[in-house]
Amino acid sequence: MEFQEKFFESEVREGFYVTSMMKRSWAAQLEILKDVDKVCSKYGITYFADAGTLLGTVRHRGFIPWDDDLDICMMRKDYHRFISVAEKELPEGYLLRNIHTDTSYTELFTRVLNSREINFKPDFLKKFHGCPYGMGIDVFVMDYIPASANESEFLRLVVKTIDDLVTAALEGNLGEKDLTEKIAMIEHMLHVQIDANRPWINQMLCLEERLFAMYSAQEADDITVMPIWIKKDNYKWPKSWYEKIIRMPFENRMVPVPEMYDSVLWKKFGDYMHNVKSAGMHDYPVFLKQEIALKEKVGRNPYVYTFSENDLYCQKGTEKYTVKKQIKEFLNSLKGMQEKLSKWGDHIPEILAALEKCQESAILAGTILEKEIGQNSKCISNLENYCELIYQIHEAIVQNRLPELDRLFIRLESQIEQIEVSIRKEIDLRYEAVFLPYQAALWPYLESIWEAASKDQDCISYVIPIPYFYRNPDGSAGELHDETDLFPDYVPTVKYDKFDFAGHYPDVIYIQNAYDEYDIAMSVHPFFYASNLKKYTDRLVYIPPYYVKEISENDERAISNIKYSCVVPGVVYADKVIVQSEKMRQIYIDILTDFSGEQTRSYWKEKVLGLGSPKADKETWIKSEVSDLPEEWISILMKPDGIRKKVVLYGTNVSALFHYKDAMIEKIKRALTLFSEKSQEIALIWALYEYEYHEADNKYQKLWKDFQEMLLQYEKEGWGILDKSGDVQRAVKLCDAYYGDRGCAAQFSLDCGVPVMLQDVKY
């Protein structure tokens with residue numbers, strides 16, 4: 001399966017930071033799904049995206065950003081067929097974990113795994129996109145609930161009795177006597193015999209599974225995932241909702257979903273457009289235990305920066321005194337000494353000592369300037385005149401010619417001004433700020449700071465796009481990328497190999513990439529690692545090239561992921577770290593303190609500043625005009641006077657249509673009538689992003705015909721836009737509001753800060 005290199009970069013999705021290792025684990029799971037899909041296609045086995053994967057398909061067109069696993073489900077008949085052929089059909093190295101293959105396994109679903117252990121073999125890393133961890137997908141089973149209420153309740157009661165027994169044993173809440181009595185009761189009730197020589201929990205789970213599969217489609221109206229239904233009796237839905245599948249986009253592939261996906265999601269999650277970052281059924285991330293095991297086995301995790309206290313202090317004592325810096329300090333010392341001389345009054349010894357220091361400083365400055373600009377410069381003669389005045393003042397004090405001092409001090413002050421003017425003419429003493437973006441798309445996170453620096457007459461700024469490369473699955477470097485030519489024309493740039501960092505020794509360097517060698521997806525050129533840049537400046541500043549939604553203290557998943565971007569070399573080596581808010585600053589401080597020890601808390605408090613994100617300060621959402629629009633769109637979007645109309649994106653989905661049938665047809669007609677009446681002021685874009693995946697069967701022929709006629713009428717009238725392109729982002733960038741059904745268009749609108757109103761078929 002092919003992925004673009006950029007896919008594996010860490011990124012912010014819908015305000016949530018997703019790590020590069022998470023991206024690789026997603027890709028590995030999709031690779032497993034591809035192999036499972038091949039088996040299912042070969043044997044005519046039907047499966048569906050399930051749980052968070054179904055939700056991600058409909059709402060995000062891929063993984064939910066804060067989810068980390070992949071779930072599918074099958075009806076029991078298909079499940080049994082899959083289990084019977086999977087081990088021989090799946091690629092070498094795969095394995096199935098369920099109660100039949102592993103008697104210690106206690107889940108009533110199957111895990112399809114690509115490895116038994118962490119695997120660094122080149123072929124494995126290549127196939128599974130650089131993810132060394134053993135990954136898997138979960139295969140859940142759906143069973144029929146008997147239509148008879150009495151039979152349904154009896155089945156639920158019996159299975160719950162067995163399940164409660166197993167749960168109590170696993171939690172250690174079951175005594176030996178109680179266990180013996182309950183097993184005997186179950187044996188008597190179900191006419192079964194539990195073998196004392198085999199693991200009894202496994203036998204109970206197998207018994208549960210047989211009970212789950214007791215009823216057929218002819219005996220049922222509803223289906224469910226039994227282990228959940230026995231705890232939550234309303235967790236069921238009509239079997240007709242799963243009668244037909246359609247395939248919809250999920251990351252870079254198409255996955256099967258039930259045609260009535262909207263109804264299924266409503267039943268499982270309620271208002272599924274309300275994002276809930278709840279914990280799943282496992283530790284997060286899914287490879288957490290393997291990360292810990294890897295660290296225990298080799299002493300460190302090679303994918304994660306390992307802290308050394310020496311890194312905190314290696315910055316000390318590294319100041320390099322450039323000519324520019326020495327001369328700046330000399331000028332400041334002259335002004336400071338002049339101010340002190342004017343206040344010392346009759347303290348003759350102090351005045352004489354100060355004069356000696358002034359002369360020593362001037363001689364040292366002269367020596368430096370002679371080497372830099374030659375001995376015939378105006379600067380040198382002004383310094384010589386300054387030294388002569390210092391000598392005259394000294395002699396006047398020693399010889400007690402005090403009345404001359406006022407005149408000499410006035411001349412000295414004037415001479416200092418002449419020295420500064422002449423030096424600034426011959427040496428550029430402006431503050432130097434260097435900006436090191438690596439991707440043009442991330443430039444907005446530095447741009448506002450650069451703009452301020454560019455407007456400051458006392459500052460000279462350099463924008464130096466630095467090269468980067470993507471890593472191959474084995475971690476080796478790929479092709480070097482240089483995006484200098486992609487930066488805006490109004491931003492003057494300097495080629496990275498033409499700038500003399502040692503010679504300039506900038507006052508400040510701003511960086512966006514803080515990972516050094518610890519990013520498994522990509523890397524900037526090693527010269528630009530924070531650990532190396534420290535040699536060329538006294539002030540290294542890191543600004544994260546992303547903005548996340550503010551994180552609450554109990555959002556463990558978000559904090560867990562931010563940790564991967566926080567505990568990195570650039571944060572440790574930088575002199576200052578600027579984050580998006582005071583709240584984020586506290587998260588950084590807590591994570592870094594936990595990482596390096598409580599004794600370092602004050603250090604991080606001083607280093608990390610919650611001054612805001614440059615991009616967020618400049619713009620929360622740019623509603624940019626979209627180029628290359630169809631000509632017929634432009635005529636609808638604009639008023640006759642050339643002013644742009646307000647734009648509403650209207651989204652309808654096929655699942656809601658088939659659920660509400662004629663009622664939805666009437667609802668859409670009412671909505672279109674209302675928008676047509678306002679078409680002089682409001683431009684409507686009707687989005688049909690999910691209909692392309694559907695082919696109507698006989699069951700919905702009349703409904704589908706009525707819907708198609710409505711589409712034709714809408715297109716014929718020509719007052720609105722019909723968007724079948726599937727380009728959600730383009731439409732959302734154009735619109736001022738979203739109205740309609742749940743789905744990816746509604747979710748993307750929410751993510752972009754566009755107001756969203758969900759339609760109700762009843763009104």
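Contact here means heavy atoms within 4.5 Å. Helices (H or I, at least four residues) and strands (E, at least two) are DSSP runs, numbered from the N terminus.

**Ground rules.** I noted that this is a predicted model, where local features need pLDDT of at least 70, side-chain atom pairs count only at pLDDT 80 or more, and totals for chains, interfaces and linings use all residues. Residues are numbered from 1 along each chain as its sequence is written, and side-chain values use heavy atoms, with hydrogens and water left out.

**Entry 1: helices 5 and 7.** I looked up helix 5 (residues 149-170) and helix 7 (residues 200-212). They pack at an angle of about 160 degrees, and their axes are 10 Å apart. Axes are lines fitted to C-alpha atoms, for helices over the stretch in contact, and angles run from 0 to 180 degrees between N-to-C directions. Helix 5 is therefore roughly antiparallel to helix 7 (under 35 degrees is roughly parallel, over 145 roughly antiparallel, 65 to 115 roughly perpendicular, the rest oblique). Which residues meet? From helix 5 I listed L155, V158, V159, I162, D163, L165, V166, A169 and L170; from helix 7, W200, I201, M204, L205, L207, E208, L211 and F212. By class, this contact has 15 nonpolar, no polar and 2 charged residues. Ala, Val, Leu, Ile, Met, Phe, Trp, Tyr, Cys and Pro count as nonpolar, Asp, Glu, Lys and Arg as charged, and the others, Gly among them, as polar.

**Entry 2: helices 19 and 21.** Next I checked helix 19 (residues 556-566) against helix 21 (residues 582-596). Their axes come within 10 Å and cross at roughly 75 degrees. The two helices are therefore roughly perpendicular to each other. Helix 19 brings I559, I562, K563, S565 and C566 to the contact, and helix 21 brings M584, I587, Y588, I591 and L592. I sorted them by class: 8 nonpolar, 1 polar and 1 charged.

Entry 3: I traced 6 strands in the order 13-12-16-18-19-20, with parallel pairing. Two strands pair if DSSP finds at least two bridges between them. The edge strands, pairing on one side only, are strand 13 (459-463) and strand 20 (608-609). Inside, 4 bridges join strand 12 (residues 431-436) to strand 16 (residues 508-511). V434 stands opposite I509 in strand 16.

**Entry 4: around strand 24.** I found 4 bridges from strand 21 (residues 646-651) to strand 24 (residues 737-740), running parallel. V648 has A737 as its bridge partner in strand 24. Strand 24 is also joined to strand 25 (residues 756-758), by 3 bridges and again parallel. There, G740 has L758 as its bridge partner.
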